[in-house]
Amino acid sequence: MEPLSLSALFVLWLAGLMAGFVDAIAGGGGIISLPALLATGMPPHLALGTNKLQGTFGSMTAAVNYSRKGLVDLREIPTGVVFTALGALAGTMTVQVLSADFLRHIILILLVGVFLYTWLTPDLGKIDHRPALSARAFFSCTGLTLGFYDGFFGPGTGSFWAIALVLVLGLNLKKATAHTKIFNFTSNVVALGAFFAGHNVVVSAGLLMGAGQMVGALLGSRLVIQKGTGFVRVFFLVVVAATILRLAYTTYAGK
């Protein structure tokens with residue numbers, strides 16, 4: 001593809017910053033970054049690969065910031081990281097031979113369910129509660145499933161992680177958001193490796209957006225650390241709703 005203009009590069013940097021900010025708080029930054037990449041005229045396969053590169057910077061920055069502030073239990077993370085990586089690898093390999101279109105309708109229904117349940121349960125994620133499953137069992141099953149989904153399709157992965165961590169592992173929404181970034185980073189790195197292998201990454205655009213992602217992720221994660229779970233819940237609902245609308249549009253109105 002032709003070199004991008006300075007104005008297009010600035011828009012991509014700004015989109016990366018905004019996506020990093022949103023993603024650090026409630027996930028779903030891809031609803032900003034991917035359309036921005038496609039708007040430059042970048043072919044879909046290159047946009048997807050470049051999106052994984054820039055997203056890796058944001059998820060890494062947020063994960064490090066949350067970990068430094070003690071919101072992540074590093075003792076329980078390794079199991080989730082391993083199974084998320086395995087799932088993401090399987091998903092990325094599978095999507096190259098199967099269409100992801102059939103998943104769209106199912107994911108839309110699930111996201112609507114997540115939105116309604118969160119909206120109708122005001123106390124959801126306000127405080128920690130007793131886990132319904134052991135951490136090892138949870139991270140093994142959920143890491144494999146959501147890692148596969150993120151590698152195969154992707155939209156709403158952060159939302160599914162957050163709600164699962166709240167409902168099954170008993171974390172409050174603030175801690176759940178922090179843990180989500182660890183697993184987002186893991187699946188992003190694995191998927192990025194596959195896109196690099198297929199020569200489907202525009203490195204210059206990805207690095208530029210990645211710089212914006214780091215700034216946005218730092219600002220967003222700091223805001224979560226300072227604010228309570230109520231703020232995270234509202235932001236979470238807004239992002240899930242936006243993801244539903246975008247996915248519904250691409251499913252029924254065309255990309």
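Helices (H or I, at least four residues) and strands (E, at least two) are DSSP runs, numbered from the N terminus. By this convention, H199 lies in the loop between α8 and α9 (203–226). The model is predicted, so local features need pLDDT of at least 70 and side-chain atom pairs count only at pLDDT 80 or more, whereas totals for chains, interfaces and linings use all residues. Residues are numbered from 1 along each chain as its sequence is written, and side-chain values use heavy atoms, with hydrogens and water left out. The briefing covers salt bridges, helix packing, a surface patch and selected individual residues.

**Salt bridges**

- Side chains of opposite charge can pair when their charged atoms come close.
- The structure holds 5 salt bridges, a salt bridge being a side-chain nitrogen of Lys or Arg within 4 Å of a carboxyl oxygen of Asp or Glu.
- One of them joins K181 to D23, with the closest N and O atoms 3.4 Å apart.
- Because K181 lies in helix α8 and D23 in helix α1, this pair ties together parts that are 158 residues apart in sequence.
- K181 is buried, at a relative accessible area of 1%, and D23 is also buried, at 16%; buried means under 20% relative accessible area, exposed over 50%, and partly exposed in between (1.4 Å probe, protein chains only).
- A further salt bridge is formed by the side chains of D128 and K175, at 2.8 Å from N to O.
- This pair links distant parts of the chain, 47 residues apart: D128 is in the loop between α5 (101–120) and α6 (135–152), and K175 is in helix α8.
- D128 counts as partly exposed at 37% relative accessibility, and K175 counts as partly exposed at 26%.
- The side chains of D123 and K126 also meet in a salt bridge, with an N to O distance of 3.4 Å.
- In that pair, D123 is exposed, with a relative accessible area of 55%, while K126 is partly exposed, with 47%.

**Helix packing**

- Two packed helices are described by the angle between their axes and the distance between the axes.
- Axes are lines fitted to C-alpha atoms, for helices over the stretch in contact, and angles run from 0 to 180 degrees between N-to-C directions.
- Helix α3 (residues 44–68) packs with helix α8 (residues 173–197) at an angle of about 145°, and their axes are 8 Å apart.
- The crossing of α3 and α8 is left-handed; a crossing is left-handed if the near helix is turned anticlockwise from the far one by less than a right angle, and right-handed if clockwise.
- The residues of the contact of α3 with α8 comprise 13 nonpolar, 9 polar and 2 charged; Ala, Val, Leu, Ile, Met, Phe, Trp, Tyr, Cys and Pro count as nonpolar, Asp, Glu, Lys and Arg as charged, and the others, Gly among them, as polar.
- Helices α1 and α9 pack at an angle of about 35°, with axes 6 Å apart.
- The crossing of α1 and α9 is right-handed, and the residues of this contact divide into 18 nonpolar, 7 polar and no charged.

**Nonpolar surface patch**

- F10, V11, L14 and M18 make a nonpolar surface patch of about 370 Å².
- Patches are made of residues with over 30% relative accessible area and no salt bridge: like charges are joined within 9 Å, and nonpolar side chains (Val, Leu, Ile, Met, Phe, Trp, Tyr) within 5 Å.
- Accessible areas come from the Shrake-Rupley method with a 1.4 Å probe; for residues, only the protein chains shown count as cover.
- V11 is found in helix α1 (residues 6–26) and is partly exposed, with a relative accessible area of 47%.

**Individual residues and C-alpha separations**

- H199 has a phi near 55°, a positive value in a residue other than glycine.
- H199 is exposed, with a relative accessible area of 69%.
- P35 is placed in helix α2 (residues 30–39) and counts as partly exposed at 31% relative accessibility.
- The C-alpha atoms of P35 and A15 are separated by 9.3 Å, with the two residues 20 residues apart along the chain.
- L167 is found in helix α7 (residues 157–167) and counts as partly exposed at 36% relative accessibility.
- The C-alpha atoms of L167 and D128, 39 residues apart along the chain, have a separation of 10.0 Å.
- A194 lies in helix α8 and is partly exposed, with a relative accessible area of 26%.
- A separation of 13 Å is found between the C-alpha atoms of A194 and L86, which are 108 residues apart along the chain.
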